[in-house]
Amino acid sequence: MNTQLEHKVEGTGNKLSTTVMDFILKYNTLIIFAILLIISSFLSSSFFTETNIFNLLRQLSGLAIISLGMLLVILTGGIDLSVGSTLALGCVLSAYLLQTMSLPLALICTVISCILLGAGSGYLVARRNIAPFVVTLALMTIARGIAFMVSKGTPIVTENAFILSLGAGSFLRIPYLVWLTLFIFLIIAFVLKYTTFGRMIKAVGSNEDAVRLSGINVSRYKFMVYTISGGLGAIAGIISTSRTGVGSPVVGTAIELDAIAAVVIGGASLSGGRGTALNTLVGVLILGMIGNIMNLMNVPAYPQQVIKGIIIILAVLLQGIQSKRSN
């Protein structure tokens, strides 16, 4: 009787621990975010001030937007290493064109230029079957080179009132850049959850051969995600110009790694097929909070990189465990 009772208690305990583990793995991104919020509030009294929070969100707006573009690409099983250079190109082009064009025309030309760059990546990946890593690595160099050519290697200052107010102004005390980021996030989240396009790019990443054998044009979806990523890179570049008032060719260096890290921390699979816009946004916030709290504590830049790297490794390990349990 005692033995049966022990087995029953043991079985209940195992079931409970399994349920807890499943919960942790399912919501690991949000749990890490909540833990970091609590730790940050204890480590620095300056963290939860309105000024610090809004400055942090303003700084993260560009990274959040290109991370959402990176998410779309990664969902198809690809990668886009050119987003940082696309951002720099958008930053330089917007400042340069504003010298001679009206605001709407300058912004349209900037966005179209970066969309064409993204479309070039999409064409080579989707139609020519060249590895995304190789294509976007080459486009990364090309975009950065064009940014240097346009700016002649020196920052271009803009005094356009609208651009400067976009970076510094606010509505309901929330910076315009945060509103813009939320707007783009809602569009991407809606597309991924409620549209055929969103479901198809996940399907392409999950099982490309099955999707192709179903008669669906896989190339079109791959082409589209790189094109959208290019357009979002342009918007991130314009945001950078609005924040600093300068079109710099060196801005966004290595930011593609942060974008990939944010997507991975957000639980997306690098092999494609799994990931959400919300978790990617939380991944961006986690990265930003780590940097912010360490800056407030005067931690040097190099240890920050080490800690970020450790967190990325932990996120990937959690991903692996989650995938095994799902299988």
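**Helix packing and burial in a predicted model**

In this predicted model, A106 touches L97, L98 and M101, leaving aside residues up to four places away in sequence.

User: Where is A106 found, and why does A106 count as buried?
Analyst: A106 is found in helix α5, residues 103-126. Its relative accessibility is 0%, and buried means under 20%; A106 therefore counts as buried.

User: What separates the C-alpha atoms of A106 and I31?
Analyst: The two C-alpha atoms are separated by 43 Å, and the residues lie 75 apart along the chain.

User: Why are α3 and α8 called roughly parallel?
Analyst: Helix α3 (residues 50-75) and helix α8 (residues 176-194) pack at an angle of about 15 degrees, their axes being 9 Å apart. Angles under 35 degrees count as roughly parallel, and α3 and α8 are therefore given that description. Their crossing is left-handed.

User: Which residues of α3 and α8 meet, and how do they divide into nonpolar, polar and charged?
Analyst: From α3 the residues include L57, R58, S61 and A64, and from α8 they include L177, V178 and T181. The contact comprises 13 nonpolar residues, two polar and one charged.

User: How do you know that the span of helix α4 agrees with its number of residues?
Analyst: Helix α4 (residues 83-97) has 15 residues, which at 1.5 Å a residue should span 21 Å; the end C-alpha atoms are 20 Å apart, so the two values agree.

User: What makes α4 largely enclosed by the rest of the structure?
Analyst: Of the 15 residues of α4, 14 are buried, so the helix is largely enclosed.

Technical notes
Residues numbered from 1 in each chain as written. Predicted model: local features only at pLDDT ≥ 70, side-chain atom pairs only at ≥ 80, totals over all residues. Heavy atoms only, no water. Axes fitted to C-alpha atoms, helices over the stretch in contact; angles between N-to-C directions. Helix = DSSP H or I, 4+ residues; strand = E, 2+ residues; numbered from the N terminus. Parallel < 35°, antiparallel > 145°, perpendicular 65-115°, else oblique. Left-handed = near helix turned anticlockwise from the far one by under 90°. Contact = heavy atoms within 4.5 Å. Nonpolar A, V, L, I, M, F, W, Y, C, P; charged D, E, K, R; others polar. Buried < 20%, exposed > 50% of the residue type's maximum accessible area, 1.4 Å probe, protein only. Expected span 1.5 Å × (residues − 1).
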